[in-house]
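This report reads one protein chain from its overall build down to single residues. Keep the structure open alongside the text.

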Amino acid sequence: MSTQAPHLSTTQERSLRDIFPGDSLLLTPEQTLIFATDAGRRMGTPLAVVRPTTEAQVVELLRLAQAEGLPVYARGRASNQVGACVPARPGIVVSLLHMNRILDIADDDFVAEVEPGVVTSDLQRAVEARGLFYPPDPASIDISTIGGNVATCAGGMRALKYGVTREYVLGLTAVLPGGKVLRTGGRCHKNVVGLDLTRLFVGSEGTLGIVTRIALKLLPLPQATATLLAGFASMEAAMHGVRRIFRAGILPVALEFLSPEVLDCVARRQTPPWPDSVRGALLIRLDGSRESLPLEVRRMHDALHTSAGTSGNEPPVWSAHGVGHDEEEPLWAMRRGISPSSYLVRPNKIGEDIAVPRGRLLDALTGIRAIAQAHDLPILTYGHVGDGNIHVNIMYDGADPSETTRADAATVEVMHLVRSMDGTLSGEHGVGMAKKEFLHLQLSPLETELMRQVKHAFDPLGIMNPDKAY
């Protein structure tokens, strides 16, 4: 017996056409296919794709969706890797890319107000032209949107010194199921009145409502930056280098780790500047005034060499540095090249982004390497070690059933290893569909139940991004 594919009723389709005229409504499979997936390559079923340009259209959509019980999935550039915006049940995908205006940049308030479809790097360039600074810098900065960053509480390499997206969202406007409009927070940099509904939305992965306007905190733009790439003889020596940096009282803007496997991976794509003796590396960024920055660079050099020398605690065997964008960019280009280079190792990837307490970093990296050996698979480890956040890329060939099985088993073992160290299943990517099966390892039944009660208060019919997160 065949089953009919899900589809909109004639009345539902007519209602959507009334709200979204012309090409702001997409209905054919050819038009909607790209909106069925994200960077994690999971697939869902859009019944329709709508592309609002105004908040009023979002209000009308959520009135209709509530009345008809239609699932709704807000979406930006879909650069997330956990299926957070994939339509897990057939429903309406809301592309917010046409709501992409920078509404205000207030020099005296140190506040920007934007619509959710603004690309992160576009905002950064706009505020930096006025001597202001918006620090969050996810790896997808040139394609991801502010709305997506808010939905996932995106981090990035500068999170070590400046924090993640939640630290910069002062207020927002969101449309709730049924078309109610909620405005939270404001433009004040300090606000302790009532429960913090603004932060509740940050990281909620579109499960509570659709954000249509965001007020963001800005900072003064640092005068100067410098980058140091330090190569070590071993992974262990690099981790001891991290410890020495913090014990010297230095807080870098960014502190990134590249494992031996990652160094070899990058070397497949380009000729690296480091010698073969480098088997672990730290990529470090500092910022400050033009006068103070050379002193900070010297402090960093001294920290990496002071009290080093014992076995496993050696100083760098090679280093390079740059001051200013033109000199620093080649060093950071290698870091950004890790993900595309990884597919030269295997055609498929399970990308995890675990975090552990800083003091357990070496234990975690050693444990992950043992899992890789046990399953005879390459696992690339790198990332934001300054805040304990490690990207774990389990590489495999999806055409090989044995490798696929081993990759899945390795994922489970990595998750259990992380939890045994009181770590978290996700440092910045979120939960989405990818990590939902592991949530019981981290969240207690009481925590999960309270989260579901909160969602019910905002979304009583469960139409906002269902089957995700919690």
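## Surface and basis

The accessible surface of the protein chain comes to about 20,300 Å². Carbon and sulfur atoms hold 52% of that surface. Accessible areas come from the Shrake-Rupley method with a 1.4 Å probe, and for residues only the protein chains shown count as cover.

This is a predicted model: local features need pLDDT of at least 70, side-chain atom pairs count only at pLDDT 80 or more, and totals for chains, interfaces and linings use all residues. Residues are numbered from 1 along each chain as its sequence is written, and side-chain values use heavy atoms, with hydrogens and water left out.

## Overall build

The protein chain has 15 helices and 18 strands. Both are DSSP runs numbered from the N terminus: helices are H or I with at least four residues, strands are E with at least two. The radius of gyration is 23 Å, close to the 23 Å that the globule rule gives for 470 residues, so the chain is as compact as a globular protein of that length. That radius is taken over C-alpha atoms, and the rule is 2.2 Å times the number of residues to the power 0.38. Along its principal axes, the C-alpha trace spans about 75 × 60 × 45 Å.

Of the 470 residues, 53% are buried. Buried means under 20% relative accessible area, exposed means over 50%, and partly exposed lies in between (1.4 Å probe, protein chains only). Take the contacts with a separation of 6 or more: 73% of them join residues 24 or more positions apart. A contact means heavy atoms within 4.5 Å.

## Charge

The protein chain carries 46 positive and 52 negative side chains. The centres of the two sets lie 2 Å apart. Lys and Arg count as positive, Asp and Glu as negative; His and the chain ends are not counted. Each charge is placed at NZ of Lys, CZ of Arg, CG of Asp or CD of Glu.

## Helix α1

Helix α1 covers residues 10–19. Gln-12, Leu-16 and Ile-19 are its buried residues. Seen down the axis of α1, they fall within an arc of 60 degrees, so they line one face of the helix. The arc is that of the directions from the helix axis to the C-beta atoms.

What do the buried residues of α1 pack against? Their partners are the strands β1 (25–26), β2 (46–50) and β4 (91–95), plus helix α3 (55–68). The face turned away from the buried side carries the exposed residues Thr-10 and Asp-18.

## Positive phi values

Arg-41 lies in the loop between α2 (29–32) and β2. Its phi is near 70 degrees, a positive value in a residue other than glycine. Arg-41 counts as exposed, at 54% relative accessibility.

Asp-467 sits in the segment after α15 (445–458). Phi of Asp-467 is near 65 degrees, again positive in a residue other than glycine. At 35% relative accessibility, Asp-467 counts as partly exposed.

## Two reference distances

His-7 is in the segment before α1. Its relative accessibility is 53%, so His-7 counts as exposed.

Ala-151 belongs to helix α5 (residues 146–152). At 23% relative accessibility, Ala-151 is partly exposed. Ala-151 and Ala-74 are 77 residues apart in sequence and 9.4 Å apart in space, C-alpha to C-alpha. Not counting residues up to four places away in sequence, Ala-151 touches Gly-203, Ser-204, Glu-205 and Gly-206.
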